[in-house]
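Me: Please take a close look at a single part of this model and describe how its elements are arranged. Which neighbours surround that part, and how far can the prediction be trusted there?

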Amino acid sequence: MKNGWGLLCIVITFVVSLLVLGTVGYRAIEPDWSYSEAFYMSVITVSTVGFAEIRPLSENGRMFTVLLIFLGIVAISVIGASGARLLIDNEMKYVLGRKKMKKDIGKLNDHYVVCGFGRIGSVICDELRDAGLDFVIVEKDAALVQQAEDQGYLIISGDATSDCILKEAGIKRAHGVVAALNSDAHNLFISLAAREINSDIKIIARGEESGIESRLLRAGANVVVSPLKLGGSQIAHMILSDLKVPRQETFAQQNGLLIQQIQNNQEIQVTTNQLLQQANGLLAVAIQRVNGRTEMMPTPDTLLDPQDRLYVCRTEQG
């Protein structure tokens, strides 16, 4: 691949050199021509488009034109060959890479299947990798698939609610499955499908909506985790208790998740997302305004005034 790009750069340099040579050559052979006329003649000659001469050529000019035509044909041929090679190499690399990944997934046994590589799923995968556990990701978003591949993770591009995709991820041989999609309905469907395909598998499902926990458990999930419920209950307890703590102090810890306070110490407004990224947080759960007002579950673009506090949920290692 790198050799192909290198050859293409050499050819492009060669074409530019040809245009410079043609311009200087025509200008020297045909002294009545301007540089713009010489350059135009060089372009139509090297590209072999077949336009008529802008002025009658001398004998030397014709011989020089023949030389440029042959050199132009060589350059165009090499460019075409290099471009085709790049496309073929890229396609072969993709096909062979997917084939190797499929082979590696087929060798896994007693692994985990992580459905969804969003903010929650990516953290789960990082933790599993650090613990040395085998896992396969199922994700249909192309950008997230590419991100996971760049991190060296085994991933299947497809819909995690599809039985075929789950079977391709080796769910029959897996020790556990994590349903970490943003949709409770999809996580419910994954729990049902996983339990049907593998009756012994351990199912950990993410749930957000009120009342979804009991449904997920009935669908076959062993454990239901709600980041919203975890963060919201701890923040509510903290606010009701009127607990005063310094900036960046951790309030609660459960299952490796922490609730943390971030104060806007800047003299300008900042968004929820900016402070969330500052804390490497997973979820913004509340804003406590300077005037004492509390806003639960702010959107990413909600503005915080100076000295407002944002409460975020993050991992213990975040």
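Reply: **The open sheet and its surroundings**

In this predicted model, helix H5 (residues 142–150) lies across strands E2 and E3, and its direction makes about 160° with that of E3. Helix H7 (residues 184–197) also packs on the sheet, where it touches strand E1 (112–115), strand E4 (176–179) and strand E5 (202–206). Relative to E5, helix H7 runs at about 175°. Helices (H or I, at least four residues) and strands (E, at least two) are DSSP runs numbered from the N terminus; contact means heavy atoms within 4.5 Å; angles, from 0 to 180 degrees, are taken between N-to-C directions of axes fitted to C-alpha atoms, for helices over the stretch in contact.

The model is predicted, with local features requiring pLDDT of at least 70 and side-chain atom pairs 80 or more, while totals for chains, interfaces and linings use all residues. Residues are numbered from 1 along each chain as its sequence is written, and side-chain values use heavy atoms, without hydrogens or water.

The sheet itself is open and has six strands in the order E3-E2-E1-E4-E5-E6, with parallel pairing (at least two DSSP bridges between two strands). Its edges are strand E3 (155–157) and strand E6 (223–225), each of which pairs on one side only. Ignoring direction, neighbouring strands of this sheet are turned by 15° against each other on average.

Apart from neighbours within four places in sequence, Phe135 is in contact with Leu108, His111, Tyr112, Val114, Cys125, Leu128, Arg129, Tyr153 and Leu154.

As to confidence, the protein chain has a mean pLDDT (the predictor's confidence in each residue, from 0 to 100) of 81, and 83% of its residues reach 70 or more. Over residues 242–256, by contrast, the pLDDT is below 50, although this stretch has 37 contacts in the model beyond near neighbours in sequence.
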